[in-house]
Amino acid sequence: MTITQLYYVLAVAEHQNFTKAAEKCFVTQPTLSMQIQKLEDELEVQIFDRSKKPIELTEVGKKIVKQARNIVNESYRIQDIVDQQKGFIGGEFKLGIIPTIMPTLLPMFLKNFIKKHPKVKLKIEELTTEEIIARIKDGHLDAAIAATPLEDENIKERALYYEPFVSYVPKNHRLYGKKKIETSDLVIDDMLLLEDGHCFRDGVINLCKVFKNHVDDKFQLESGSIETLIKLSNEGLGMTLLPYLHTLDIHEKEKENLHYFVEPSPAREVSIIYHKSELKMQIIEALQDVISGIIRGAIAFQDVKIISPLPK
């Protein structure tokens, strides 16, 4: 049994196709098939049911893949140890970022990080929290930036900053005249929300549920982007809540509609998250250092109350 064979098994399990798996592994399909067959012969079990289309794992194959993923990840640790010993910060690094953080945070730190660590080849994807957790667990992401806490024993979290919620209240709204908004003022029925799947949406719902015994989950309007929520609010269709960093770039006229909360402000915790195996920690720490340094100048809020991003 070799690590290469296990790597091939993981590739086929992911793509459910020998040809696609071979392309990913940069080998010919016969070579990959032969190595997997050798492993099956050695173990005297079938890992894949080749009669199914697409190819499926057998029951014992599922258990083998789970263990193979641990072994392959641990094998990467050897190179990781060498890199850390040499003080090397470089190589490919796959980073996921949730949609409500990507457009505001990425432009703030990316240029600075690339300049400071030119040997790191960042591959960045915009993904939902659910997709991020799955990809970190299966080894397809090295780390991610998401709202926390996530309460997952396989995921480690390092807080980067705390981002307050800010109310966006149009002029015709009942709360427009209030200088400061209280969380008890919020009514879910006139709230514009992001579509299902966004953890910021779940945070808003959780915030409203704290003060309401009965919450009607039938919303007036939902949208896939914060920019659309602002436009809908401007049309008088309801108020919405924005992450603080999104408020920095809106038009000056629209800033008149921003209403801050009475302290402690409801806020989301934004963290860099990664697998408990702690691979590529030197790059994770470099990202944390750059982002934390930049964000300190943008968010001065101290007295905040963290709202969970988990659906309840």
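Which residues does tyrosine 161 touch, not counting residues up to four places away in sequence? Tyrosine 161 touches Ile101, Leu105, Leu245, Arg268, Glu269, Val270, Ile295 and Ile299. Contact here means heavy atoms within 4.5 Å.

This is a predicted model, in which local features need pLDDT of at least 70, side-chain atom pairs count only at pLDDT 80 or more, and totals for chains, interfaces and linings use all residues. Residues are numbered from 1 along each chain as its sequence is written, and side-chain values use heavy atoms, with hydrogens and water left out.

**Nonpolar cores**

Tyr161 is among the residues with the most contacts inside the largest nonpolar core, together with Phe109, Ile145, Leu186 and Leu241. That core has 70 residues. Helix H9 (residues 281-295) gives the largest share, eight residues. Domain 2 (89-160 + 269-307) and domain 3 (163-266) both contribute, so the core lies between them. The domain bounds come from an automatic or database domain assignment. Another core lies apart from this one; it has 20 residues, including Leu10, Ile55, Val65 and Val72.

A nonpolar core is a set of buried Ala, Val, Leu, Ile, Met, Phe, Trp, Tyr and Cys residues joined through side-chain atoms within 4.5 Å. Buried means under 20% relative accessible area, exposed over 50%, and partly exposed in between (1.4 Å probe, protein chains only). Helices (H or I, at least four residues) and strands (E, at least two) are DSSP runs, numbered from the N terminus.

**Aromatic pairs**

The structure holds two aromatic pairs. Rings of Phe, Tyr and Trp (its six-membered ring) pair if their centres lie within 6.5 Å; planes under 30 degrees apart count as stacked, over 60 as edge-to-face and the rest as tilted.

| Pair | Centre distance | Plane angle | Class |
|---|---|---|---|
| Phe18 and Phe48 | 6.0 Å | 70° | edge-to-face |
| Phe165 and Phe200 | 4.9 Å | 20° | stacked |

Phe18 lies in helix H2 (residues 18-25) and Phe48 in strand S1 (residues 48-49), so their pair ties together parts 30 residues apart in sequence. Both Phe18 and Phe48 are buried. Phe165 sits in strand S6 (residues 155-168) and Phe200 in helix H7 (residues 199-211), so this pair links parts 35 residues apart in sequence. Phe165 and Phe200 are buried too.

**Glutamate 40**

Glutamate 40 is in helix H3 (residues 29-43). It counts as buried because its relative accessibility is 4%. Not counting residues up to four places away in sequence, Glu40 touches Val45, Gln46, Ile47, Phe48 and Arg50.
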